[in-house]
Amino acid sequence: MMAMARPVQRAQVENLYVEAMLLADEAHAAFAAQRDLGRANGDALAQIGLVCESLKTTTRLMHVIAWLLHRRAMFVGDPGAGPNDSAARIGEPVVADWAVCTGFDLSVRRIISASERLFERVAAIEAGWEAPPPKPPVQALLAQLEARL
C-alpha cells in the first residue's frame with residue numbers, strides 16, 4: 001500500500017482517467033454515427049458485428065475507468081476501496097474480433113484499437129505496481145560479488 005502513495009503513480013492514474021473518459025466519449029460518438037452500418041443494404045451480420053464490437057469496446061473502457069476510479073479512491077484513503085477488492089484488479093481483456101472490425105470505418109477501428117492499447121497499458125501498470133521493488137544497485141552488485149566468491 002505504501003508504494004501506491006508515490007505522486008508519479010497518482011499522476012499516472014489522473015492522466016489515464018482523462019484519456020479513458022475522452023476515449024469513451026469518442027467511442028460513443030463513433031459507434032452512434034455507424035449504427036446504420038449494413039441497414040441500407042440489409043446486411044444484418046454487419047449490424048450485429050458493429051453492436052458486438054461496440055459492447056466489447058464499451059466494456060473494455062468501463063473496466064479501465066472502474067479500475068482508475070478505484071485507484072483514485074485508494075489514493076484518498078476511502079475505507080471502502082481496498083487493494084483486495086474485485087475492482088482493484090483490471091481482469092482479463094475483452095479482445096476485439098478484427099476479422100469483423102475490418103468492415104468498419106477507420107475512425108471506429110482506431111477507437112477499438114486505442115481502447116485495447118489503453119487496457120493493456122493499465123494492466124501493465126497494475127502488474128508493475130504489484131511486482132516487488134527492485135534491489136538497490138549497490139545491493140545487486142554485492143549479491144553478484146557474493147555469488148562469485
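**From a loop proline to the helices around it**

P83 is found in the loop between α2 and α3, the latter helix covering residues 98-101. The structure described here is a predicted model. P83 has a relative accessible area of 37%, so it counts as partly exposed. Leaving aside its neighbours within four places in sequence, P83 is in contact with M74, A88 and R89. H70 lies 13 residues from P83 in sequence, and their C-alpha atoms are 9.1 Å apart.

The protein has five helices and zero strands, so its elements run α-α-α-α-α from the N terminus on. Of its 149 residues, 33% count as buried. Among contacts between residues at least 6 apart in sequence, 71% join residues at least 24 apart. The accessible surface comes to about 9,400 Å², and 63% of that surface belongs to carbon and sulfur atoms.

Beyond its neighbours within four places in sequence, W67 is in contact with A87, A88, R89, I90, V122, I125, E126 and W129. A88 and R89 are also among the contacts of P83.

Which residues does S115 touch, not counting residues up to four places away in sequence? They are L23, T57, R60 and L61. S115 itself lies in helix α4. Its relative accessible area is 1%, and because the cut-off for buried is under 20%, S115 counts as buried.

In one of them, the side chains of R121 and E19 meet at 2.8 Å, N to O. R121 lies in helix α4 and E19 in helix α1, so this pair ties together parts that are 102 residues apart in sequence. Both partners are partly exposed, R121 at 38% relative accessibility and E19 at 31%.

R110 forms another salt bridge, with E26, and here the closest N and O atoms are 2.5 Å apart. R110 is in helix α4 and E26 in helix α1, so the pair ties together parts that are 84 residues apart in sequence. R110 has a relative accessible area of 42% and is partly exposed; E26, at 33%, is partly exposed as well.

The salt bridge between E53 and K56 has its closest N and O atoms 3.1 Å apart. Both residues lie in helix α2, three residues apart, which is about one turn of the helix. An α-helix has 3.6 residues a turn, so residues three or four places apart point the same way. Is E53 buried or exposed? At 1% relative accessibility, E53 counts as buried, whereas K56, at 24%, counts as partly exposed.

The last stop is helix α5, residues 137-148. This helix has 12 residues and reaches 17 Å from its first C-alpha to its last, close to the 16 Å expected at 1.5 Å a residue. Helix α5 is hardly covered, and the count of buried residues among its 12 residues is zero. V138, L142 and L145 form a nonpolar patch on the surface, with about 300 Å² of accessible area together. L145 lies in helix α5 and is partly exposed, with a relative accessible area of 48%.

Technical notes:
Residues numbered from 1 in each chain as written. Predicted model: local features only at pLDDT ≥ 70, side-chain atom pairs only at ≥ 80, totals over all residues. Heavy atoms only, no water. Contact = heavy atoms within 4.5 Å. Patch = residues over 30% accessible without salt bridge, like charges linked within 9 Å, V, L, I, M, F, W, Y side chains within 5 Å. Areas by Shrake-Rupley, 256 points an atom, 1.4 Å probe, with all protein chains shown as cover. Salt bridge = Lys/Arg side-chain N within 4 Å of Asp/Glu carboxyl O. Helix = DSSP H or I, 4+ residues; strand = E, 2+ residues; numbered from the N terminus. Buried < 20%, exposed > 50% of the residue type's maximum accessible area, 1.4 Å probe, protein only. Expected span 1.5 Å × (residues − 1).
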